[in-house]
Amino acid sequence: MTVWRLAWRSALRRRRLLAWNIAVPLVLLTPVALSEAAAPHRVAVFGVFLVFFGAFGSAIPAVRDARDGWLDEVLRAGYPAPRWLLERTLARTAIDTAQLLPVLLVLLWSAGGLGAGPVVLIATLVALWFANLIGPLVAAAVRSLAEAALASAALSLLLLHLAGFFRTPVPGWNEIAAAWNPYMPLRAALGAGVGAAPADPSAWVRSLLVVLVVTLGAAAFPTIWSRRLRWPRTP
C-alpha cells in the first residue's frame with residue numbers, strides 16, 4: 001500500500017505540522033467542551049470542525065498535487081486511480097482521527113460520556129472517511145485552491161445542515177434527508193457523548209449505505225474524476 005505508507009511517513013516526518021494539527025483543535029475546542037453551552041450547540045461546533053478538518057485537508061492537497069503534476073506522474077506510472085483514491089482516503093482518515101482523538105477525549109470526559117467513546121470513534125471514522133473521500137472529487141471539479149476551499153465549505157455546510165446539526169429535522173423531507181445523510185451518525189454519536197440522547201447505531205444503516213455507494217461509485221468510475229486531476233492546471 002504505497003500511498004498509505006507515503007501518507008503516514010509524510011505526516012510523521014513533518015513533526016511541527018503534526019503537533020500543530022493536534023494543538024489547534026485542543027486550543028479551539030477545549031473551551032467549547034468545558035463550557036456551559038447546551039449539548040446541541042457543542043455537538044454543532046464539534047461536528048463542523050471535524051468535517052471541515054477532513055474536507056479541507058483532503059481537497060486542498062488534491063488540488064495541489066494535480067496542479068503540480070505529481071498525481072499525473074503517479075497515474076502515468078500505472079498506479080490505478082481507484083487504488084490511489086481508496087488508499088489515500090484510508091490513510092488520511094486514520095491520520096485525521098489520530099490528530100482529533102485528544103480533543104474528542106476532552107469532550108467526552110467533560111460531559112461524563114466516556115462510555116460512548118467507541119460509538120463516537122466509529123462515527124468519527126465514518127464522517128472523516130466521507131469527508132476525505134469527497135476531497136479529490138471536489139478537487140476534480142474546481143481549478144484553484146480557493147475554489148477547492150469554497151466548494152468544500154459549501155458542500156460540508158449543506159450536508160451538516162441536512163444532517164440536523166443546526167436544527168432538529170422536522171417530519172417530512174428534512175427527516176428523510178437526515179436519515180440518509182453521511183454525517184448523521186456523527187451527530188447522533190456526539191449527542192450521546194454529551195448526554196443529549198442515547199446512542200442507537202442501528203439507525204445508521206441508511207447513512208452507511210450512502211457512504212458505501214459513494215465509495216464504490218468513485219472507485220468504479222475513476223475516469224469521471226481522475227482525468228480532471230491528471231494535468232497541471234493554473235489557478
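This is a walk through the structure shown above, from its overall build down to a few single residues.

Before we start, keep in mind that this is a predicted model, in which local features need pLDDT of at least 70, side-chain atom pairs count only at pLDDT 80 or more, and totals for chains, interfaces and linings use all residues. Residues are numbered from 1 along each chain as its sequence is written, and side-chain values use heavy atoms, with hydrogens and water left out.

Let's begin with the whole protein. Its secondary structure comes to eleven helices and zero strands; here helices (H or I, at least four residues) and strands (E, at least two) are DSSP runs, numbered from the N terminus. Read along the sequence, the pattern is therefore α-α-α-α-α-α-α-α-α-α-α. The C-alpha atoms fill a box of roughly 50 × 45 × 30 Å, taken along the principal axes. How does the radius of gyration agree with that of a compact globule? With 235 residues, such a globule would have a value near 18 Å, and the protein has 18 Å, which agrees. This radius is taken over C-alpha atoms, and the globule rule is 2.2 Å times the number of residues to the power 0.38.

Buried residues make up 47% of the 235 residues, where buried means under 20% relative accessible area, exposed means over 50%, and partly exposed lies in between (1.4 Å probe, protein chains only). The protein exposes about 11,600 Å², and carbon and sulfur atoms supply 69% of it; these areas come from the Shrake-Rupley method with a 1.4 Å probe, and for residues only the protein chains shown count as cover. Among contacts (heavy atoms within 4.5 Å) with a separation of 6 or more, 78% are between residues 24 or more positions apart.

Now find helix H7, which runs over residues 145-163. At 1.5 Å a residue, its 19 residues should span 27 Å, and its end C-alpha atoms are 27 Å apart, which agrees. The expected span of a helix is 1.5 Å times one less than its number of residues. Which residues of H7 are buried? They are Ala-148, Ala-149, Ser-152, Ala-153, Ser-156, Leu-159, Leu-160 and Ala-163. These residues cover an arc of only 145° around the axis, which puts them on the same side of H7; the arc is that of the directions from the helix axis to the C-beta atoms. On the other side of H7, Ala-146 and Leu-150 are exposed.

What do the buried residues of H7 pack against? Their partners are helix H3 (39-68), helix H6 (117-139), helix H8 (173-179) and helix H9 (184-193). Leu-158 is also found in H7 and, at 46% relative accessibility, counts as partly exposed. The C-alpha atoms of Leu-158 and Ala-146, twelve residues apart along the chain, are separated by 18 Å. Just after H7, Gly-164 takes a positive phi of about 95°.

H6 has 23 residues and reaches 33 Å from its first C-alpha to its last, close to the 33 Å expected at 1.5 Å a residue. H6 is mostly covered, with 18 of its 23 residues buried.

Let's turn to charged side chains. The structure holds two salt bridges, each a side-chain nitrogen of Lys or Arg within 4 Å of a carboxyl oxygen of Asp or Glu. In one, Arg-76 pairs with Asp-72, the closest N and O atoms being 3.0 Å apart. Because Arg-76 and Asp-72 are four residues apart in helix H4 (residues 70-76), they are separated by about one helical turn. Arg-76 counts as partly exposed at 49% relative accessibility, while Asp-72 is buried, with a relative accessible area of 5%.

The other salt bridge joins Arg-83 to Glu-87, with the closest N and O atoms 2.6 Å apart. Both residues lie in helix H5 (residues 81-111), four residues apart, about one turn of the helix. Arg-83 is partly exposed at 38%, and Glu-87 is buried at 4%.

Finally, visit two helices from elsewhere in the chain. Leu-12 lies in helix H1 (residues 2-13) and is partly exposed, at 49% relative accessibility. Ser-226, in helix H11 (residues 222-226), is buried, with a relative accessible area of 8%. Leaving aside its neighbours within four places in sequence, Ser-226 is in contact with Leu-75 and Ala-81.
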